[in-house]
Amino acid sequence: MRCLPILLLVFVSLARAAPLDEIDALRLAGDYAGAIERARSELATGGESGPLLNRLGELLLETGELDAAAAHFDAAIARDDGDDLLARFNRARVHAARGQLESARAHWQTIRAAYQSRPRLSARDLYAIAGATRGLGRSDPQLFQQAVRLYQQSSRQDPAFLDAGIALGELLLEKYNNHEAQQQFAEVLRIDDRQPRALLGLARSQHFDYSTDAVVTALRALEINPDLVSARVFMARLFIELEQYDDARDEARRALAVNPRSLEALAMLAVVHHLERADDEFARIEARVLAQNPRDADFYNDLAELAAQNRLYRDAADFAARAVALDAESWRGYGLLGMNQLRLGAIDAGRANLERSFAGDPYNVWIKNTLQLVDGFDQYELIRSGRFEIVLHRDEKALLGEYIETLAGEAYREFSARYRHEPESTVRIELYPDHADFSVRTVGLAGVGLLGVCFGPVVAMDSPAARPQSAFNWGSTLWHELAHVYHLSMTDNRVPRWFSEGLAVYEEHRARPGWGADVDPGFLRAFLDDKLLPVSKLNNGFVRPSYPEQVQYSYFQASLVFHFIESRWGFDRIRETLAAYRDSADPDGVLYTTLDIGADDFDRAFEQFFEARYAGALAALEGDLDSDSSGAESSEIPDKYFSQLDYGVGLYEQGNLELAELFLKRAQALFPEYAGENSSYWILAALYHQQGRLDDAERELAAMTAINAEHYAAHMRLAELRAERGDAAGAAAALEAALYIYPYDPPLHDMLAAQYASLGDWDRSARERRALLALGPVDRAEAHYQLAYAYERVGDRSSAREQILYALEIAPGFTRAQTLLLALHGFAEQP
């Protein structure tokens with residue numbers, strides 16, 4: 001007879017589970033109305049229980065009925081027959097949603113106490129305790145580690161209870177531990193691949209990694225639950241990043257149709273209104289949010305985050321400041337404020353706010369990495385030069401400082417005249433010899449693939465030491481970023497990404513032969529395969545590329561747009577467009593209004609320009625898929641670029657130089673715009689060198705470097721050929737170009753110093769001698785002597801004497817140095 005109560009309990013438990021399972025299935029599919037109706041029907045027929053009351057409360061909370069939700073949570077707590085801890089946790093969520101943080105904290109503390117007082121805890125109880133612990137972590141960050149362990153304990157106790165695993169993934173992602181977060185979401189989806197919240201978590205994790213899979217994964221979540229509010233909010237965020245504001249507004253409104261009180265959805269609407277300069281609409285949404293939750297710091301944090309992603313860094317700092325004014329424990333807000341102050345060049349204020357953020361939340365990897373970077377700023381030195389502050393690592397200042405000052409000054413004069421505009425503030429330029437440091441400076445985390453970034457008044461980029469030789473042209477990169485300074489200043493940072501990036505690459509093209517991205521076979525094949533976007537959609541190629549090369553191709557395609565505009569309308573229209581972006585509420589229409597052409601007509605006209613510009617190359621590539629021509633007769637080789645090139649290379653490798661030349665020259669004639677390392681230019685130069693045809697070799701290298709300015713070896717070989725035939729000016733020009741690729745090669749500076757000396761340009765010769773000293777030559781006495789000699793020829797006798805004394809201190813018996821010192825004092829003739 002004693003087993004009867006146990007059987008009765010099992011029967012009651014199973015009876016309760018059936019309607020709960022039905023409700024959960026409806027909820028999972030997004031049928032909230034059906035789930036609410038089913039729960040109320042069960043209550044009306046006498047099926048009231050703590051779990052059912054809590055489940056109904058959760059549904060009401062998810063649809064914005066806070067008062068009704070609170071009443072059901074209170075009833076579930078009072079019954080104390082299951083899920084009372086989870087109901088109490090949900091009651092705290094209602095308080096938090098209203099800004100009643102003290103009341104929420106009281107519930108969290110009560111829940112935490114149950115961990116010690118209750119002898120048995122279910123997986124759902126442990127989940128509630130983990131959530132409460134996470135909430136209390138606002139004031140005691142050490143509790144976050146406990147929350148992680150509690151979520152894990154909940155999952156171990158009941159692997160089928162997936163909410164704990166999802167919440168753990170969300171917490172890890174919140175702390176920028178994306179690797180473990182992604183593993184956690186994947187584990188949940190291994191158990192049930194139709195969990196929409198887990199799919200959304202995975203999408204957020206993919207978005208964190210800049211993966212295009214994020215959109216696909218989020219859409220999978222919405223296929224299962226079309227009314228998942230958080231997924232609609234996430235899609236709105238993605239559309240804002242793409243600068244597709246109408247689509248973002250639609251997603252936010254779809255979220256609000258499900259939950260009219262969703263603070264996250266309202267924040268997305270507010271962002272759109274702010275970006276569109278709809279100040280009245282923004283104020284209306286802001287008032288609505290603060291009426292619901294007067295302490296909703298995350299409303300302003302979301303605004304700050306997305307303003308920064310749209311390069312409105314000053315606005316981002318202002319929003320973050322409002323967040324921390326509302327909530328002194330908004331560690332996210334302090335972090336956003338500090339990061340954006342750093343981006344604006346307010347280093348001390350930024351550091352202070354980052355430290356405050358980290359003190360409150362030491363598990364935020366983004367903030368930790370950035371603070372470590374800022375702490376290392378004492379290894380950097382500042383050069384003030386005109387309108388610039390140049391920040392260089394102390395090991396690179398002596399070598400790079402002069403080159404950067406000169407190039408930045410040239411860019412300032414060029415852009416100020418060309419754009420008829422000067423930035424209001426001093427421009428700060430930072431170069432990082434470690435790419436990981438630059439990456440952290442940019443996004444707070446290592447691994448970003450960029451070379452440089454412009455925040456407006458601050459430019460940060462890799463120094464040439466951060467990449468292998470010939471990996472990039474640092475001079476071209478600096479020019480690109482300084483062009484952005486003007487574009488952002490002229491538009492108050494309100495310029496579409498494709499426009500500013502394309503215009504900056506176009507300015508690279510104008511600055512020096514070979515600077516900026518150039519055409520390659522892959523780019524033209526993408527055009528032939530319809531993989532290039534129309535100009536009206538080009539922003540997508542930068543922000544959410546759909547294939548690995550699309551960002552690179554979008555940069556070059558966008559630059560061609562400006563070649564087209566200037567050739568047809570003139571540069572004045574480009575300036576006018578920049579001015580119009582500053583005040584426009586319709587960024588998508590600005591260009592077409594300024595040019596007085598429709599978007600579709602512009603797309604067609606640009607395509608015609610593109611096809612005319614590359615007509616020969618397109619014809620030479622179409623249908624030419626690197627076919628194998630081995631064993632074919634020369635007369636059988638198709639008149640296509642790769643067919644001719646590959647056959648020519650094969651002949652060259654066999655030693656048949658005469659016949660190889662014919663095919664390599666034909667390949668070059670078919671696609672003369674391409675000068676990559678595997679192009680005919682480099683191979684022909686080598687072929688001519690073998691034949692002793694040095695003038696022809698020089699011609700090929702000159703043509704190659706005029707298109708491709710990133711090939712260090714080509715510049716150096718060109719300089720050698722020119723020097724051998726006495727063309728000092730030509731050799732110096734090639735060496736100057738090489739400096740912007742890799743300035744750490746002592747022979748480059750030695751040779752350049754000699755070329756300038758032969759030209760009588762002793763100022764530049766002295767510059768190169770200083771560079772050699774900065775590189776730490778083995779024979780420092782000789783390096784000091786050569787610099788002294790250059791100074792003497794310039795007429796700077798004081799500096800010459802100083803360098804001679806350094807030389808003699810190292811090598812007291814250095815005869816030439818002694819003679820030069822006597823000459824400087826008038827006791828001997830100049831050596």
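1. Let me start with S262. Setting aside neighbours within four places in sequence, S262 touches V229 and L256. Keep in mind that this is a predicted model. The residue sits in the loop that links α14 (245-258) to α15 (263-275). Buried or exposed, then, for S262? S262 counts as buried, because its relative accessibility is 3% and the cut-off for buried is under 20%.

2. Next, have a look at E508, in helix α25 (residues 497-511). This glutamate is buried but has no salt bridge. Which side chain of opposite charge is nearest to E508? That is R512, and R512 is 11 Å away. What E508 does contact, leaving out neighbours within four places in sequence, is S476, T477, W479, H480, W515 and G516.

3. Helix α26 (residues 521-528) is mostly covered, with six of its eight residues buried. The buried ones are P521, F523, L524, R525, A526 and F527. What do they pack against? Their partners are α28 (550-568), α31, α32 (615-621) and α33 (641-654).

4. Helix α31, one of those packing partners of α26, spans residues 599-613 and holds E611. On the surface, E611 gathers with D529, D530 and E607 in a patch of negative charge. Why is E611 called partly exposed rather than exposed? Its relative accessible area is 36%, and exposed would need over 50%.

Note on methods. Residues are numbered from 1 along each chain as its sequence is written. This is a predicted model: local features need pLDDT of at least 70, side-chain atom pairs count only at pLDDT 80 or more; totals for chains, interfaces and linings use all residues. Side-chain values use heavy atoms; hydrogens and water are left out. Patches are made of residues with over 30% relative accessible area and no salt bridge: like charges are joined within 9 Å, nonpolar side chains (Val, Leu, Ile, Met, Phe, Trp, Tyr) within 5 Å. Accessible areas come from the Shrake-Rupley method with a 1.4 Å probe; for residues, only the protein chains shown count as cover. A salt bridge is a side-chain nitrogen of Lys or Arg within 4 Å of a carboxyl oxygen of Asp or Glu. Lys and Arg count as positive and Asp and Glu as negative; His and the chain ends are not counted. The place of a charge is taken as NZ of Lys, CZ of Arg, CG of Asp or CD of Glu. Helices (H or I, at least four residues) and strands (E, at least two) are DSSP runs, numbered from the N terminus. Buried means under 20% relative accessible area, exposed over 50%, partly exposed in between (1.4 Å probe, protein chains only). Contact means heavy atoms within 4.5 Å.
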